[in-house]
Structure formats: C-alpha cells, structure tokens
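Trainee: Can we go through this one together? I'd like to pick out some local details.

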Amino acid sequence: MYRKPHCKADHVGSLLRPRELYDLRRQYDTAQCSPALKTAEDEAIKQAVVLQQELGLKTITDGEMRRACFFDGVFEKLEGMIYIPEQPIYMFKSYIPHIAMMYAMGIEHSPTFFCNGKIKRKQPFYVQEFQYLKRLVPCQDVSSLKVTMCSPTWFHQRHGSDLTYDTSVYKCDDEYFYDLGIAYREEIKELYEKGCRNIQIDDPTFCYFCSEAMLEGMEKAGVDHESLLDTYIRAINYCTRDRPADMTISLHMCRGNFKGAHFSEGGYERIAFKVFNMLDVDAFYLEYDTERAGDFMPLRHLPSNKTIVLGIMTTKSGKLESVEYLKGRVEEAVDVLCCTNPFRSREDALDQICISPQCGFASVWEGNPINQYEQRLKLGRLVEAAREIWPSEA
C-alpha cells in the first residue's frame with residue numbers, strides 16, 4: 001500500500017524562544033508596549049531555520065515563534081467565535097485532565113472562546129507565516145516546511161456539547177464540527193496553493209481518552225465517552241478530507257506540555273484501533289518518552305499505509321538520550337509491528353517508523369525547563385541516531 005514519505009529524524013514544531021524574543025513577549029503579556037515584537041519574531045524564525053538546517057533536520061518549522069501558545073492563530077480568526085477573557089471555571093468540564101488541575105489550584109476564571117454564530121473563515125490562519133518562512137529556504141526545500149495548527153476539538157473538549165456553541169446556531173456537535181471542517185479545509189487549500197505540503201494537527205484530546213480518571217469523570221457526568229471519541233474522529237476527518245494527493249497531514253497526540261508538565265496518563269490501547277484506522281491522516285506523532293504512555297503493543301493496530309513518529313526523546317528535561325537507547329526503542333517498536341502481523345516484514349516495519357521528541361520544546365512561549373544548548377544537543381542526537389538506523393534515508 002502507498003505510504004507518503006516522512007523524514008526519519010523529525011520534531012513536533014515549537015522551539016525555545018531566543019532571549020530577546022522571550023523578554024519582549026514577557027513585556028507584551030504584562031501589557032507593556034512592545035512594538036519591536038514582530039521584528040524579534042522575524043529574527044527568531046531566521047535563527048530557528050538556520051538551527052534546523054545546520055543540524056540536518058529535513059522538516060523545518062518556524063518554531064511557533066509568533067505564538068504565545070501552540071493553539072494561537074485559529075479560533076481568534078474565525079467569524080462566529082467570540083473571545084471571553086474571563087470565563088467562570090464552572091463553565092469548564094472538571095473531568096478534563098488539565099481543567100481538573102485548574103480546579104485543584106483554585107483558579108476561578110480562564111480565557112476561552114465561545115461559538116455564537118455560524119463559523120466562517122474570513123481570513124487565513126497561517127498563510128502569511130508560511131510565506132515568510134518560505135522566503136528563508138531554497139526553492140527545493142519548500143516542500144519540507146511544516147505548518148502546525150491546533151485541533152478543531154480544542155475548545156469543545158473543555159466545554160462539552162452543551163457549553164461550546166449557541167444551540168440556536170448549531171443543534172449538535174456534528175453541525176459545529178462540519179463548519180469548522182470547512183474552515184480548516186479552506187486554510188489547507190490556500191496553504192497548498194502557496195506551496196505547503198506538510199501540515200501537522202496538534203491534538204491534546206485523544207490521549208485524554210486513555211486516562212481512566214477522565215473516563216470515570218465523564219461517566220459520572222453522563223457523557224458517553226465512546227460516542228464522543230467517534231465525534232472527535234469525524235471532526236478531524238472533516239478537516240482532512242479531499243486534500244491533494246501530495247499533501248501530507250499528520251496528527252500529534254499530546255499528553256500535555258505546559259512548561260514541562262504533563263496532564264494525562266494511560267497507554268494507547270483503548271483508542272489505538274479506532275484512531276489508527278478511522279482517522280484520515282497520513283502519520284501519527286506518538287508520545288513515548290515515559291512509562292505514562294504504556295508499551296508499544298497498541299502499534300499492532302497501525303495499518304501498513306500510515307507512518308508512526310515515535311516521540312522517544314523528551315523535551316521536559318535536558319538529560320540527553322544515547323544513540324543506543326534510541327535505536328533500542330525503535331527495535332522494540334519494530335518487534336511489535338512485524339511480530340503481530342505475519343505479512344509485515346522487519347524491513348517494512350522499520351520503514352513505517354520515524355523518531356522525534358515527544359512534543360515541542362515550547363508549547364507556550366515560556367518554554368520547557370531546558371536550555372538552548374540542550375535543545376540543540378537533543379535535536380542533533382535525533383539526526384545522529386536516524387542516520388545509524390536508516391543510513392540510506394536520514
């Protein structure tokens with residue numbers, strides 16, 4: 001079966017902010033005037049591109065330097081969505097892992113978005129950002145540029161089917177996600193026309209369905225979590241359908257990466273078959289940097305026409321993984337892929353695998369507890385390991 005090519009040494013997308021940008025962003029977030037912010041972002045992106053090129057990474061992103069949080073850039077640009085700077089905490093579902101932490105911390109309000117009208121894409125999400133990034137690389141490398149965007153489920157998971165949208169506008173989840181899907185497809189189409197061939201959807205929702213604590217909380221609240229999982233799969237598929245044959249769309253399943261903190265635990269087993277087989281994406285970025293993710297056995301459900309990017313290097317600390325460790329983890333995954341499927345050879349199994357850090361280095365602008373030097377060593381180590389594992393490809 002045809003499987004789209006993927007870079008063997010990859011990364012999720014976000015990178016640590018250089019000091020100048022870090023300081024200006026802090027001023028900006030504390031309501032101090034910072035007119036030099038965009039100039040600093042431009043320079044930070046240039047530095048990020050050079051870093052990735054020097055290390056030999058074939059996937060290049062802008063490091064999400066223009067974002068305060070990984071999910072910036074979508075919902076605030078949609079017609080029909082209204083920003084609420086201080087939504088009472090009781091409007092958030094307490095069974096969602098990161099919301100449960102907010103309840104435990106005594107947080108009374110949090111910013112969010114609410115859908116009060118028909119959703120329409122009246123302006124691009126990331127087209128301008130992509131065009132700037134495109135100018136920084138040779139023409140032959142444009143197809144290697146990757147754009148990351150948050151999942152369409154991001155605000156729905158925290159507010160549920162009753163508090164995400166005005167029910168006089170949308171009568172059910174599928175109506176809401178269908179229109180969101182149209183907006184995402186319009187963005188994907190325009191990015192494609194500008195030369196983009198690689199899009200990654202960052203989704204912290206699917207791994208939450210691996211959390212027994214969340215599932216128990218949903219059952220107590222009367223929420224059918226299996227039906228909601230199906231709804232979220234359809235939500236992604238509304239976004240990815242009818243894409244061009246040479247457009248690669250992947251899904252990163254995040255377990256939480258707020259300044260190095262995680263939010264959910266539990267292996268992929270309970271969602272693997274549905275997610276791997278029903279989601280219309282080309283590749284899955286899976287977090288496997290700690291025991292919280294369980295073992296590799298769920299990988300047996302991966303169809304032969306999709307790729308897995310094993311997140312076996314952590315961005316949550318500066319401890320550097322060895323090449324032998326990374327190679328050993330890949331061998332474990334190969335064992336599962338080929339030993340549970342008699343029709344999949346070790347060569348085929350290895351071909352389906354890529355490696356990366358489990359998540360970005362800075363899902364929020366403050367970044368993880370790791371420094372620029374450690375970040376560089378880790379990314380370089382990934383490339384080093386990939387060249388030993390796949391000498392003809394990496």
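Trainee: Let's start with D242. Is it buried or exposed?

Mentor: D242 is exposed, because its relative accessibility is 70% and the cut-off for exposed is over 50%. Keep in mind that this is a predicted model.

Trainee: Where is D242 found?

Mentor: In the loop between α8 (225-240) and β5.

Trainee: What is phi of E64 near?

Mentor: Phi of E64 is near 60° as well, again positive in a residue other than glycine. E64 is in the loop between α2 and β1. With a relative accessible area of 4%, E64 is buried, whereas D242 is exposed.

Trainee: And which residue just after α6 takes a positive phi?

Mentor: G195, at about 115°. G195 also comes up in a pairing across the sequence: its C-alpha is 8.8 Å from that of Q131, although 64 residues separate the two in sequence.

Trainee: Where does Q131 lie?

Mentor: In helix α4, residues 127-134. Q131 counts as partly exposed, because its relative accessibility is 32%.

Trainee: Back to α6. What should its residues span?

Mentor: Helix α6 covers residues 173-193, and its 21 residues should span 30 Å at 1.5 Å a residue. The end C-alpha atoms are 30 Å apart, so the two values agree.

Trainee: Which residues of α6 are buried?

Mentor: The buried residues include Y176, F177, L180, I188 and L191.

Trainee: How about α12, how many residues does it have?

Mentor: Helix α12 has 18 residues, 372-389. From first C-alpha to last it reaches 26 Å, close to the 26 Å expected. At its start, a side-chain oxygen of N371 comes to within 3.1 Å of the backbone nitrogen of Y373.

Trainee: What do the buried residues of α12 pack against?

Mentor: They pack against α2, β7, α10 (323-339), α11 (346-351) and β8 (353-357). Those buried residues include L379, L382, V383 and I389, along with Q375, K378 and R381.

Trainee: New topic, the core. How many residues are in the largest nonpolar core?

Mentor: There are 117. The members that touch the most others are F75, Y176, F206, M253, F284 and L299. As a general point, nonpolar side chains tend to be buried together in soluble globular proteins.

Trainee: What is L299 in contact with?

Mentor: Setting aside neighbours within four places in sequence, L299 is in contact with F276, L286, Y288, I308, L310, A333, V336, L337 and R344.

Trainee: Which residues form one aromatic cluster?

Mentor: F70, F71, F75, Y83, F113, W154 and F155.

Trainee: Which ring does the charged end of R197 sit over?

Mentor: The ring of Y192, 3.7 Å from its centre. The charged end of R121 sits over the ring of F125, 5.9 Å from the centre.

Trainee: Last one. What does T205 touch?

Mentor: Not counting residues up to four places away in sequence, T205 touches T153, Q157 and Y232. The side chains of T205 and Q157 are joined by a polar contact of 3.5 Å. T205 lies in the loop between β4 (198-203) and α7 (212-220) and is buried, at a relative accessible area of 2%.

Conventions:
Residues are numbered from 1 along each chain as its sequence is written. This is a predicted model: local features need pLDDT of at least 70, side-chain atom pairs count only at pLDDT 80 or more; totals for chains, interfaces and linings use all residues. Side-chain values use heavy atoms; hydrogens and water are left out. A nonpolar core is a set of buried Ala, Val, Leu, Ile, Met, Phe, Trp, Tyr and Cys residues joined through side-chain atoms within 4.5 Å. Buried means under 20% relative accessible area, exposed over 50%, partly exposed in between (1.4 Å probe, protein chains only). Contact means heavy atoms within 4.5 Å. Rings of Phe, Tyr and Trp (its six-membered ring) pair if their centres lie within 6.5 Å; planes under 30 degrees apart count as stacked, over 60 as edge-to-face and the rest as tilted. A charge sits over a ring if NZ of Lys or CZ of Arg is within 6 Å of the ring centre and within 35 degrees of the ring normal. Helices (H or I, at least four residues) and strands (E, at least two) are DSSP runs, numbered from the N terminus. The expected span of a helix is 1.5 Å times one less than its number of residues. A polar contact is a pair of N or O atoms within 3.5 Å; within protein, one must be able to donate a hydrogen and the other to accept it, and residues adjacent in sequence count only if both atoms are side-chain atoms.
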